[in-house]
Amino acid sequence: MPITTIARTLFVSPSTAKTYVSRLYEKLGVSNRSQALMTALRIGLIHSDAATA
């Protein structure tokens, strides 16, 4: 999802959204969105419907 879409969804500026994403990466100990997704799945922050299918 592009930063501009994240910003619009959260009603913040693109700069603020970029900071949020950067801090999320830092907290998860990752460097990109794919790693963030896999880490979030692994530690149970999000759940995949595919995992139950």
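The structure is a predicted model, in which local features need pLDDT of at least 70 and side-chain atom pairs count only at pLDDT 80 or more, while totals for chains, interfaces and linings use all residues. Residues are numbered from 1 along each chain as its sequence is written, and side-chain values use heavy atoms, with hydrogens and water left out.

The chain contains three helices and zero strands, where helices (H or I, at least four residues) and strands (E, at least two) are DSSP runs numbered from the N terminus. Along the sequence, the pattern is accordingly α-α-α. The C-alpha atoms occupy a box of roughly 35 × 25 × 15 Å along the principal axes. The radius of gyration of the chain is 13 Å, whereas a compact globule of 53 residues would have a value near 10 Å; this radius is taken over C-alpha atoms, and the globule rule is 2.2 Å times the number of residues to the power 0.38. Of the 53 residues, 19% are buried, a term that denotes under 20% relative accessible area, with exposed meaning over 50% and partly exposed in between (1.4 Å probe, protein chains only).

The largest nonpolar core comprises eight residues, namely I6, A7, A17, V21, Y25, L28, V30 and A36. Helix 1 (3-10) and helix 2 (14-28) each contribute at least two residues to this core, and helix 2 gives the most, with four. Such a core is a set of buried Ala, Val, Leu, Ile, Met, Phe, Trp, Tyr and Cys residues joined through side-chain atoms within 4.5 Å.

The largest pocket has a volume of about 200 Å³. On a 1 Å grid over the protein atoms alone, a pocket is an open set of points where a 1.4 Å probe fits, with protein on both sides within 12 Å along at least five of seven lines, and lining residues have an atom within 4 Å of a point. The pocket is lined by M1, I6, V21, L24, Y25, L28, R33, A36, L37, A40 and I46. Helix 2 and helix 3 (33-43) each supply at least two residues of this lining. By class, the lining has 10 nonpolar, no polar and one charged residues.

Within helix 3 lies T39, which counts as buried because its relative accessibility is 11%. Beyond residues up to four places away in sequence, T39 touches L28 and V30. T39 and T4 are 35 residues apart in sequence and 23 Å apart in space, C-alpha to C-alpha.

Two further residues lie outside the helices. F11 is in the loop between helix 1 and helix 2 and is exposed, because its relative accessible area is 76%. The phi of F11 is near 60 degrees, a positive value in a residue other than glycine; most residues other than glycine have a negative phi. A50 lies in the segment after helix 3 and, at 61% relative accessibility, counts as exposed. A50 is 37 residues from S13 in sequence and 33 Å from S13 in space, C-alpha to C-alpha.

Conventions:
Grid points are joined across faces, edges and corners, and a volume is the space filled by probe spheres set on the points. Ala, Val, Leu, Ile, Met, Phe, Trp, Tyr, Cys and Pro count as nonpolar, Asp, Glu, Lys and Arg as charged, and the others, Gly among them, as polar. Contact means heavy atoms within 4.5 Å.
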